[in-house]
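This briefing covers the domains, their interface and the sheets of the model shown below.

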Amino acid sequence: MNILKTAAAALLAATALGSAAHAEATEMRCSHQLPPAHHIAKVIDRWATEIETLSNGEIDVQVFGANSLVGARENIASVAKGNIECAFSINPQWGKTLPLMNVTLKPYAVTDLETLAAWPGSEAAAFLEEKLLEKGVKNAVWLFTTRMTAITSKGAPLINPADFEGVKIRGLNPVADAGLVAMGAAPSAMSGSKVYEALSTGVIDAGMTDIAAAYSRKYFEVQDHVTVVPLFSVFFHGYLNPDWYNGLTDAQKAAISEAGAKAAEWAVAASEEASASAPQQLEENGMTVHFQTSEETAAWKELMAPAFDDSFGGATGEDGVKLLELVSQISN
C-alpha cells in the first residue's frame, strides 16, 4: 500500500512539474497571411516546431496563418508595438516605410539562385536587418519564396508590353510598381489574400504573384491565362518584437537563430520545387501557360528596368546605391 501511495505521489509530482513547465513556456504568437497549402506556410510551421525543439519547449510558438490573428497590412505595426511577438511579411509590404526592402524587385536583376540561397548571412541582409531594427522589428529569418512571377489574366494573355495598356493589375507598392506603370498598366497594391476576390469581382483585371501561389490560391478558378516570367525575387521574412526578444535567454535566442538558418535552406528547396510543379498544375486546371521568351524579356526589361531604377533611387538615395552594391557582391 505504501508503495502504491509513493508511486501515486511521484506521478502527481511529475504531472505538476510538467504543467508548471508548460505554463512557464514563453509565448511566441506568429502571424502570417499565407493559406495552409502554400509551400512557405509549411516551412513556417516546420520552423516553429524547430524553435520549440531547440529551446527544449521553453518557447511556445503559436502560428496563425491566413490572416487569422492579424491582417497582412497590420502585421508590421502589431509586432513593432508589441501587440504580438512575431509576424511574417513579403519584403514588398514594407513599401514606403522602408523602400530599401524593394531591392529584390528590380526587374530581371535578383533572380540568380546562388545569390538568393546565400542571402541570409550576407552583408546585404545584415544591412537591411539594421534598417529593420530602426523601424522597430528584429529580423529572425529570411525565407526565399519565388523567383518566377505569374502574370495572370482572363480572355487573353499578357505577353507583349502593348497588352498591358490600361489593364488593372495587382500591384505591390509605388516603388515596385513603377515598371508596370511604364508598361501602360494601372497597378493597385494589395496583399495576396485579397487578390482572388478582386479578380473574381472585376476590381482588377490581372493578377501578379509567385507561380506557386497562383496555384495554391486557386487563380485558375477566376483567370484562364498565365505568363510565367523570371521578373524578380521575393522573400517572406519573419521578425520579432525587439523588447520581447531582448527578454529571452541566450539559449532561447540561439534556438531562434539556428531554426532560422535551417528554415532559410528549407525555403530554397521548397520554393524551387513548388515553382517547378506549379505551371503544370495550373495547366491541368484549365489555364493556358506561356513561358516568357528571351525576346519578350528584352522588351519588358527595356521599359521596366529604367522605371524601377528611377523609382527606387528616388526613394532610397545613397542607402539604395550602397545596398545594390552589396547585393551585387553576394555571388561573386
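This is a predicted model: local features need pLDDT of at least 70, side-chain atom pairs count only at pLDDT 80 or more; totals for chains, interfaces and linings use all residues.

**Domains and interface**

Residues are numbered from 1 along each chain as its sequence is written, and side-chain values use heavy atoms, with hydrogens and water left out.

*Extent of the interface*

- Contact, meaning heavy atoms within 4.5 Å, involves 41 residues of domain 1 and 43 residues of domain 2.
- About 3,400 Å² is buried between domain 1 and domain 2, and carbon and sulfur atoms give 68% of that area. Buried area is the accessible area (1.4 Å probe) that two parts lose on being put together, summed over both.
- In domain 1, the residues that lose the most area to domain 2 are P107, Y108 and F127, together 21% of what that side buries.

- Between domain 1 and domain 2 the count is 2 salt bridges, a salt bridge being a side-chain nitrogen of Lys or Arg within 4 Å of a carboxyl oxygen of Asp or Glu.
- K131 and D319 form a salt bridge, with their closest N and O atoms 3.2 Å apart.
- On the side of domain 1 that touches domain 2, at least two residues each come from helix 4 (113-117), helix 5 (123-134), strand 4 (138-146) and helix 10 (250-284). Helices (H or I, at least four residues) and strands (E, at least two) are DSSP runs, numbered from the N terminus.
- Helix 5 gives the most to this side, with 5 residues.

- An open sheet of 5 strands with mixed pairing has the order 2-1-3-10-4; two strands pair if DSSP finds at least two bridges between them.
- Strand 2 (59-64) and strand 4 each have a single partner strand, so one side of each is left without a neighbour in the sheet.
- Strand 4 pairs with strand 10 (residues 234-240) in the antiparallel sense over 7 bridges, and T146 stands opposite V234 in strand 10.
- Helix 10 lies across strand 1, strand 2, strand 4 and strand 10, at about 10 degrees to strand 4. Axes are lines fitted to C-alpha atoms, for helices over the stretch in contact, and angles run from 0 to 180 degrees between N-to-C directions.

- Another open sheet, of 4 strands with mixed pairing, has the order 8-5-9-11.
- Strand 8 (207-210) and strand 11 (288-291) stand at its edges.
- Strand 5 (residues 149-153) and strand 9 (residues 225-229) run antiparallel and are joined by 5 bridges; T152 stands opposite V226 in strand 9.
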